[in-house]
Amino acid sequence: MAAKRILLIIGGGIAAYKSIELLRLLRKSGHEVRCVLTRAGEQFVTPMTLAALSENKVHTSLFDLKDEVEMGHIQLSREADLVVVAPATADLMAKMAQGLADDLATTLLLATDKPVLAAPAMNVRMWLHPATQRNVATLRGDGVTVMEPDVGEMACGEFGPGRLPEPEAIHDAIVEALRTATPLPLPALAGQPDFAPSRRRPLYGRRILITAGPTHEPIDPVRYIANRSSGKQGFAIAAAAAEAGADVLLIAGPVSLPTPPGVIRVDVESAREMAEEVADGLPVDAAIMVAAVADWRAADTSAQKIKKDGSGKVPPLALTENPDILAGLAEHPKRPALLVGFAAETNDVLDHAKAKRVRKGCDWIVANDVSADPMGGENNRVHIVSHDGVDSWKRLPKEAVARKLMEKIADELDRRIPPETD
Ligand code: C5P
């Protein structure tokens with residue numbers, strides 16, 4: 001089986017030590033594991049042990065603000081292929097069944113759209129209690145796979161069902177769950193029986209590639225050629241596409257912006273790296289090339305820092321042209337059904353944009369006047385230049401431009417590739 005990403009939530013209970021063995025088995029099978037430790041779980045295993053074995057940061061608190069910048073809890077819950085709760089205590093399952101979200105683990109469980117597997121562990125009386133049995137039934141009804149606990153002697157001396165299944169058995173159940181994984185079913189909303197929110201999102205099932213930010217073209221190990229692109233508009237577009245339900249691949253030049261929730265991001269430095277990642281990302285339904293790719297790079301790069309020699313002579317800097325990623329994509333055998341370029345212009349905005357659309361072979365050019373809204377600002381006034389003419393929008397915050405553009409793209413994709421109905 002190909003390596004998968006597993007989010008392992010470890011509840012509090014004497015059986016928590018077995019989750020260490022489970023983690024070891026999952027790593028041995030080649031899976032990537034991120035651990036979340038509940039407060040009670042921390043009483044039984046340490047974050048350090050889990051971090052060492054998983055080779056990943058261990059998450060314990062919802063209020064870890066640094067994480068909210070680096071990786072929000074929504075993203076943490078969505079980027080896994082499977083969420084595993086082991087041990088799933090009576091308390092944790094009661095909260096899951098009720099939809100409580102008062103710590104990181106329960107918040108992730110409520111926010112996830114991925115399959116969930118729970119391996120219960122608790123005292124026999126607690127397991128057999130009608131409240132727990134009710135909760136287990138509720139969870140199973142909600143689509144959660146709840147394993148049967150093992151029968152045997154408990155840490156407390158009693159005998160019966162309630163022991164955490166052996167790590168090998170949980171591992172087997174995980175393999176099976178990954179094989180048959182389908183997202184958690186979404187309930188029909190009252191009065192709207194056919195309404196399944198994620199399926200109704202306008203870009204559900206669409207794969208969208210976005211480039212953003214500047215590129216850095218090295219001259220020597222310490223110097224590079226760059227431009228003023230902040231990446232804000234491209235990142236806002238990636239965020240809006242993910243919100244609209246698309247699978248988003250964001251190929252970002254060097255910027256200091258957080259990854260929007262639900263977006264897969266690949267960082268690159270130079271135009272040539274960006275071109276390679278774009279080609280690797282195909283096929284996609286739509287590509288939106290927002291990056292301000294450097295037109296030229298240094299013809300020769302020096303392996304060592306170029307020194308001033310005191311003579312006052314300036315070193316020559318010969319340039320060579322970078323590949324045009326957008327134009328290349330337009331001619332690619334896997335050309336996306338909708339190809340959108342951007343054009344930042346300082347004069348004759350529309351004329352330049354119209355010519356650029358034809359020259360580059362893309363479907364739309366989103367033109368903006370960077371003399372009015374300089375790169376790096378918060379707002380954008382754009383004109384969408386297409387075969388059918390020009391659609392000019394008023395000046396809007398970049399987030400609003402992104403959402404409006406995504407609505408237009410969703411409509412256009414529905415026209416070009418009608419969505420499958422189920
Ligand atoms: O030619 P110009 O740089 O103005 O074109 C802008 C559009 O082309 C943007 O969509 C930009 O992302 C894309 N582009 C590219 N590769 C280049 C240059 C520009 O994809 N080398």
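I worked with a predicted model, in which local features need pLDDT of at least 70, side-chain atom pairs count only at pLDDT 80 or more, and totals for chains, interfaces and linings use all residues. Residues are numbered from 1 along each chain as its sequence is written, and side-chain values use heavy atoms, with hydrogens and water left out.

Entry on the sheet. I looked up the strand order and found an open sheet of five strands, E2-E1-E3-E4-E5, with parallel pairing (strands are DSSP runs of E with at least two residues, helices are runs of H or I with at least four, both numbered from the N terminus; two strands pair if DSSP finds at least two bridges between them). Strand E2 (32–37) and strand E5 (145–146) are at the edges with a single partner strand each, so one side of each has no neighbour in the sheet. I then followed E1 (residues 5–10), which runs parallel to E3 (residues 82–88) and is joined to E3 by four bridges; Ile-9 stands opposite Val-85 in E3.

Entry on the helix. I noted that helix H1 (residues 16–28) lies across E1, E2 and E3 and runs at about 170 degrees to E1 (axes are lines fitted to C-alpha atoms, for helices over the stretch in contact, with angles from 0 to 180 degrees between N-to-C directions; contact means heavy atoms within 4.5 Å).

Entry on the domains. I found the chain divided into domain 1 (5–179) and domain 2 (201–305 + 313–416), with bounds from an automatic or database domain assignment, and their centres, taken over C-alpha atoms, are separated by 40 Å.
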